[in-house]
Amino acid sequence: MNIHYFAWMREQIGKSVETESPPAHIDNIDDLLDWLTNLSPAHAEALADRTIIGVAVNKEFVEPGAKLEDGDEVALFPPITGG
Amino acid sequence: MIRVQAEDFDVGAEMAALTGARKDIGAVVNFIGKVRDLEDGALSAMTLEHYPGMTEKMLADIEAQALERFDLQETLIVHRYGKLEPGAQIVLVITASAHRQAAFEACAFLMDWLKTKAPFWKLEESDKGRTWVEAKQADNDAVDRWQEQS
């Protein structure tokens, strides 16, 4: 599963994309966030405030409880500031 | 039509290309968003990061919503990314319709929506250091206004 990070989350984690293979029981975004938080102190710091994390799966916005399938492209990012 | 690009744009050329040959357009509105200096410091650069692929998808989706909601002949959204200097153009929205009201409203609708739905992030570099711009509640409120009306 490819996980993309943007803006200061990317900087804190130190990479723009990583390929991870979470265990099979991780089947939704909330569980994935719990799992990622335990990967490293940098992940824990970047993902500390769940209330502001934006999530996209396969380039569509989803809610934190959204289900995950094998091969999904996940993106995690702070609130967007375009325009 | 939507475009995501690093290059600058020329609003006159874009408007001519979009509407110049049309006889059914009575009103053209454009909005240009620009890099503004800081209120309490000297901005040296603003860098726009985006999510390639999702950005185009979201802009196309927002444009489709505008075309469905308003009586429009043409629309164009151009959004830049990369490192921009103060005063540089960031985003262009052009709406064209038979009468002015649809063009005015659709232009505001498109800007309000893209502020909260297009995956861009702004990094400001100034004499005070580097800061990721925080989202504004006012931008969320602006979108809610359109949802209440629909």
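Reply: The cover over the buried residues of α1(B) includes β1 (2-5), β2 (27-34), β4 (74-80) and β6 of chain B. Contact here means heavy atoms within 4.5 Å, and buried means under 20% relative accessible area, with exposed over 50% and partly exposed in between (1.4 Å probe, protein chains only). Helices (H or I, at least four residues) and strands (E, at least two) are DSSP runs, numbered from the N terminus. This is a predicted model, in which local features need pLDDT of at least 70 and side-chain atom pairs count only at pLDDT 80 or more, while totals for chains, interfaces and linings use all residues. Residues are numbered from 1 along each chain as its sequence is written, chains are lettered from A and ligands numbered from 1 in the order in which they are written, and side-chain values use heavy atoms, with hydrogens and water left out.

The buried residues in helix α1 (residues 11-19) of chain B are Glu14(B), Leu18(B) and Thr19(B). They lie on the same side of α1(B) because they cover an arc of only 100 degrees around its axis, the arc being that of the directions from the helix axis to the C-beta atoms. At the start of α1(B), the backbone nitrogen of Gly12(B) has a side-chain oxygen of Asp10(B) within 2.9 Å.

Helix α2 of chain B contains Thr55(B), which counts as buried because its relative accessibility is 0%. Leaving aside residues up to four places away in sequence, Thr55(B) touches Val4(B), His50(B), Pro119(B) and Phe120(B).

Helix α2 (54-69) also belongs to the side of chain B that touches chain A, as do β3 (43-50), β6 (89-97), α3 (100-117), β7 (120-126) and β8 (129-132), each supplying at least two residues. The largest contribution, five residues, comes from α3(B). The contact draws on 26 residues of chain B and 21 residues of chain A. Together the two chains bury about 1,900 Å², 61% of it on carbon and sulfur atoms; buried area is the accessible area (1.4 Å probe) that two parts lose on being put together, summed over both. Tyr51(B), Trp121(B) and Trp132(B) provide 35% of the area that chain B buries against chain A, more than any other three residues.

Three salt bridges are found across this interface, each a side-chain nitrogen of Lys or Arg within 4 Å of a carboxyl oxygen of Asp or Glu. One of them joins Lys57(B) to Glu60(A), at 3.4 Å from N to O.

Technical notes:
A polar contact is a pair of N or O atoms within 3.5 Å; within protein, one must be able to donate a hydrogen and the other to accept it, and residues adjacent in sequence count only if both atoms are side-chain atoms.
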